[in-house]
Amino acid sequence: MELEKFIENFAEQFDETDASEITASTNYHDLEEWSSLVALSVIAMVDEEYDVTLKGDDIRNSKTVEDLFNLVSSRL
Amino acid sequence: MEGLNPFSLSGKSILITGASSGIGRQIALSCAEMEASLYVSGRNVNRLQDTLDSLSTHSGCHHKLLVADLTHSDEVNNLVAAVEPLDGAVLCSGIGLTLPVKFASQDKFKEVFETNFFSQVELVRLLYKAKKLKASASVVFLDSIGGTHDISAGAIVYGTSKAALLSATKYCALEFSHRLIRVNCICPGMVETPLIHRGTVTEEQLHADMMRYPLKRYGRPEDIAYMAVYLLSDAASWVTGQDFVIDGGISL
């Protein structure tokens with residue numbers, strides 16, 4: 001699994017935030033559009049694309065997009 | 001003082017599905033407390049046995065355990081064949097799923113509808129067809145405020161399955177009235193059961209959600225069980241086709 005593709009999939013869950021604003025080091029909790037619904041979308045995206053089940057706590061405890069990428073990678 | 005208390009379930013034979021945990025388990029405990037004889041059903045034999053062992057047994061009451069996965073038609077048929085004609089049935093088995101609309105694909109709907117809708121209606125259909133529901137029996141579906149009284153983001157799959165069940169309740173109530181059989185459903189808000197602690201949302205989010213409830217707490221399984229006892233009892237003999245919201249005021 002590739003980090004670049006993961007970032008792209010992650011960024012797709014946002015409607016108003018431009019994909020260019022989201023990089024590996026982005027702390028997604030700080031994004032203005034970040035919400036519980038976007039969090040649910042990320043969980044659903046990871047389930048659909050990578051067949052990995054994330055919990056709400058995983059989303060809360062990870063800081064950056066890369067943290068989440070690493071977590072998903074570790075469960076593949 | 002048998003016969004004087006219209007809320008008593010004394011002498012009644014009642015089937016409870018989803019009885020191995022959560023609301024179904026509590027309904028079984030409360031019905032046994034009110035002197036009913038029970039068939040407790042569920043998928044997990046160990047947890048079901050635990051429910052059975054916890055039931056109070058008043059004199060003249062007999063409880064039986066029937067393992068069945070209601071999504072398998074042969075097991076549903078075996079269940080229907082195994083029960084003697086019933087005075088009541090409470091259908092509590094259900095699963096949850098939190099998913100935004102854009103990820104709610106047909107296979108997700110199928111999985112949840114299979115348990116929350118198709119298997120529920122199928123069991124009641126077969127019980128009725130096989131005349132395993134006595135005249136004046138009471139059927140209670142465990143529904144939800146989701147999909148009808150409450151629309152929350154991420155709940156489309158679960159909510160629509162429960163909305164369909166609410167609708168089915170009314171059709172069954174109308175047609176089954178020929179045998180004076182009553183059919184109602186209970187629509188709880190969030191109740192403290194394993195189903196709400198699946199981890200999709202964090203415990204902090206759950207707590208914040210709880211504080212939105214006017215009565216400042218989630219429901220306890222007993223809050224729901226007492227309504228089930230009422231609907232099963234003779235006290236509710238003129239009540240049919242209704243959905244009873246028990247939600248700490250969240251839908252206000």
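Mentor: Ground rules first: residues are numbered from 1 along each chain as its sequence is written, while chains are lettered from A and ligands numbered from 1 in the order in which they are written. This is a predicted model, where local features need pLDDT of at least 70, side-chain atom pairs count only at pLDDT 80 or more, and totals for chains, interfaces and linings use all residues.

Trainee: What is the mean pLDDT of chain B?

Mentor: The mean is 95, and 99% of the residues of chain B reach 70 or more. pLDDT is the predictor's confidence in each residue, on a scale from 0 to 100. For the complex, the predictor gives an ipTM of 0.84 and a pTM of 0.92.

Trainee: Why are H1(A) and H4(A) called roughly perpendicular?

Mentor: Helix H1 (residues 3-11) and helix H4 (residues 65-74) of chain A pack at an angle of about 115 degrees, with their axes 10 Å apart. That makes H1(A) roughly perpendicular to H4(A), since the scale is: under 35 degrees roughly parallel, over 145 roughly antiparallel, 65 to 115 roughly perpendicular, and the rest oblique. Axes are lines fitted to C-alpha atoms, for helices over the stretch in contact, and angles run from 0 to 180 degrees between N-to-C directions. Helices (H or I, at least four residues) and strands (E, at least two) are DSSP runs, numbered from the N terminus.

Trainee: Which residues of these two helices meet?

Mentor: From H1(A), Leu3(A), Phe6(A), Ile7(A) and Phe10(A) meet Val65(A), Glu66(A) and Phe69(A) of H4(A). Sorted by class, this contact has six nonpolar, no polar and one charged residues.

Trainee: What makes H1(B) oblique to H7(B)?

Mentor: Helix H1 (residues 22-33) and helix H7 (residues 221-232) of chain B pack at about 55 degrees, with their axes 8 Å apart. That angle makes H1(B) oblique to H7(B). Their contact includes Gly22(B) and Ile23(B) of H1(B), and Pro221(B) and Glu222(B) of H7(B). By class, the contact of H1(B) with H7(B) has 10 nonpolar, three polar and one charged residues.

Trainee: How do you know that H4(B) is roughly parallel to H5(B)?

Mentor: The axes of helix H4 (residues 106-129) and helix H5 (residues 156-176) of chain B come within 9 Å and cross at roughly 15 degrees, so H4(B) is roughly parallel to H5(B). Phe113(B) and Phe117(B) are among the residues of H4(B) that meet H5(B), where Leu165(B) and Ala168(B) are among the partners. This contact of H4(B) with H5(B) has 14 nonpolar, three polar and two charged residues.

Trainee: Why is Thr193(B) called buried?

Mentor: Thr193(B) has 21 other C-beta atoms within 10 Å, so Thr193(B) is buried. The label needs 20 or more other C-beta atoms within 10 Å of the residue's own, while 12 or fewer means exposed and anything in between partly exposed, with C-beta atoms placed from the backbone. Thr193(B) sits in the loop between strand S6 (182-188) and helix H6 (203-210) of chain B. Not counting residues up to four places away in sequence, Thr193(B) touches Ser21(B), Gly22(B), Ile23(B) and Pro221(B).

Trainee: What makes Lys131(B) exposed?

Mentor: Lys131(B) has 10 other C-beta atoms within 10 Å, and therefore Lys131(B) is exposed. Its place is the loop between H4 and strand S5 (133-142) of chain B. Lys131(B) also has a positive phi of about 55 degrees although it is not a glycine.

Trainee: And why does His62(B) count as exposed?

Mentor: His62(B) has 9 C-beta neighbours inside 10 Å, so His62(B) counts as exposed. You'll find His62(B) in the loop between helix H2 (45-54) and strand S3 (64-67) of chain B.

Definitions and conventions. Contact = placed C-beta atoms within 7 Å. Nonpolar A, V, L, I, M, F, W, Y, C, P; charged D, E, K, R; others polar.
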